[in-house]
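Keep the 3D view open as you read.

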Amino acid sequence: MIKVSVIMPSLNVADYIRECIESVLKQTLREIEIICVDAGSNDGTRQILQEYAQKDERVFIIDSNIKSYGAQVNMGIQAAKGEYIAILETDDYVLDDMYERLYDTAQKNKLDYAMADYIHFYDDVDGKRKMFKVQALASAPELYYEILSMENYASVYSIDDTTLWRGIFLREFILSNNITLNETPGAAYQDICFMHRVRMKVKRSMYIKEFGYCYRTDREASSTNSVNGLKYAKFEYQYLLEHDDIPEIYRSKIYYTMSLSLVSESRNILTKTGYAWRKADLEYYGWFRSILSQAVKDGQLVESMGGKEWWEPLAVLLDSNENFAERLKAVSNNLDQIKAIAFNEGFIIICGAGIRGQNLARILKREETYGRKTDILYADNDSRIWDSYIDGIRVLSVDQCAKEYPDAVFVIANKAHYMQIRDQLAAKGISKEKIFEYKPTAEWSL
């Protein structure tokens with residue numbers, strides 16, 4: 001008996017496919033089949049898949065003449081024989097026991113689908129793999145291990161889950177409800193409609209508070225790094241609104257996820273176009289703006305759904321696309337200023353060794369690989385990490401740094417304690433001309 005059919009849609013992923021398929025072959029759940037649906041790869045991907053198919057009878061290949069992620073997954077679903085179906089993107093990989101944990105959970109609770117949490121990762125310029133854990137229900141942890149239905153999804157906006165790759169789906173549930181992905185050739189984000197269709201039909205689902213899926217963020221050719229994201233998202237939501245029978249109780253949920261797509265894709269596009277809107281993107285923006293502005297007027301989108309961090313950038317974008325672009329540009333200008341100072345000085349002290357400070361150090365180290373070198377030191381008020389090293393960068397106290405390097409440039413990478421650290425440096429004699437703030441996020445309050 002095949003317990004899980006793992007569908008792997010591929011197109012020119014030769015650099016990643018071995019790690020991906022090896023992670024499936026190593027699964028502790030042995031009763032699986034691996035359905036590789038290749039859309040005409042010409043970089044050696046198809047040959048690598050054939051190599052594995054010859055080694056393991058659980059692997060077989062389907063060739064698609066349509067370069068469409070949705071079409072490939074649909075082909076895999078139709079060919080699947082497993083009790084449950086999983087979709088694995090072929091530049092990612094899964095931890096060894098992911099499918100066993102999900103299958104056991106789904107079986108025990110008779111679920112339509114089960115989801116795990118996931119890990120963002122990228123390979124840094126120093127060759128080391130950086131990994132960051134992401135919890136789907138971080139804002140509603142009480143919902144882990146609860147059986148969730150369509151009504152739950154309609155009323156809990158913190159569940160933003162338009163990604164299908166983190167879970168397994170009961171094949172009979174998918175087929176009996178005629179749930180498919182859109183098949184627009186060359187498009188992306190085709191799991192958006194799929195997941196909304198799943199949630200509008202689901203009776204029993206569950207999220208487990210365990211990590212299983214590893215999602216790559218540094219592949220330039222991936223859809224999440226595409227400059228056409230707003231167009232892809234518009235295709236999906238327009239098709240959903242025009243072709244699906246949406247329960248009224250669920251409509252606000254769709255508007256909420258639409259708003260997330262609008263903000264994130266607008267931000268992604270603008271950072272790649274020099275903060276200038278392209279004509280085509282303004283048309284897609286206008287489509288989103290018309291629908292979401294009306295939803296705000298009708299009370300179907302309100303701040304309490306997602307809080308200020310969601311609401312404020314959305315409000316700015318709906319009010320003025322140019323204002324939104326200018327605020328993002330200010331973030332870029334801030335980073336450019338810090339880069340210029342760092343490279344001119346050749347030495348910089350980053351005040352704050354947390355995620356924000358490490359992010360700045362990573363950016364500066366990446367520039368170093370292109371021939372511009374800056375020596376970096378961390379200053380932090382947490383005595384537990386003094387005299388330690390984070391990714392090869394030494395950590396000292398703020399006071400010690402100010403004493404030993406009075407002429408250095410200090411960049412504060414700590415939003416919550418910026419004023420405190422600034423005053424602390426000033427009290428130690430560091431001039432205000434030598435103190436800067438790293439601002440990786442925009443100011444959105446109106």
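Predicted model: local features only at pLDDT ≥ 70, side-chain atom pairs only at ≥ 80, totals over all residues.

## The second largest pocket

The space inside the second largest pocket comes to about 200 Å³.

Who's on the list? The lining consists of Asn-177, Asn-178, Ile-179, Thr-180, Arg-197, Met-200, Lys-201, Tyr-239, Asp-244, Asp-245 and Pro-247. With three residues, helix H7 (residues 191-201) gives the most to this lining.

## H8 meets H10

Now find helix H8 (residues 229-243) and helix H10 (residues 279-297): their axes are 10 Å apart, and the two pack at an angle of about 40°. That angle makes H8 oblique to H10. As for handedness, H8 and H10 cross in a left-handed way.

On the H8 side, the contact is made by Leu-230, Lys-231, Ala-233, Lys-234, Tyr-237, Gln-238 and Leu-241, and they meet Asp-281, Tyr-284, Tyr-285, Trp-287, Phe-288 and Ile-291 of H10. Sorted by type, the residues of this contact are nine nonpolar, one polar and three charged.

## H9 meets H12

Next up are helix H9 (residues 248-272) and helix H12 (residues 321-345), whose axes come within 10 Å and cross at roughly 60°. H9 and H12 are therefore oblique to each other. Their crossing is right-handed.

Which residues touch? From H9 you get Val-263, Ser-266, Arg-267 and Leu-270, and from H12 they meet Phe-324, Ala-325 and Leu-328. The residues in this contact split into five nonpolar, one polar and one charged.

How values were computed. Residues numbered from 1 in each chain as written. Heavy atoms only, no water. 1 Å grid on protein atoms, 1.4 Å probe; cavity = no way out; pocket = protein on both sides within 12 Å on 5 of 7 lines; lining within 4 Å. Points joined across faces, edges and corners; volume = space filled by probe spheres on them. Helix = DSSP H or I, 4+ residues; strand = E, 2+ residues; numbered from the N terminus. Axes fitted to C-alpha atoms, helices over the stretch in contact; angles between N-to-C directions. Parallel < 35°, antiparallel > 145°, perpendicular 65-115°, else oblique. Left-handed = near helix turned anticlockwise from the far one by under 90°. Contact = heavy atoms within 4.5 Å. Nonpolar A, V, L, I, M, F, W, Y, C, P; charged D, E, K, R; others polar.
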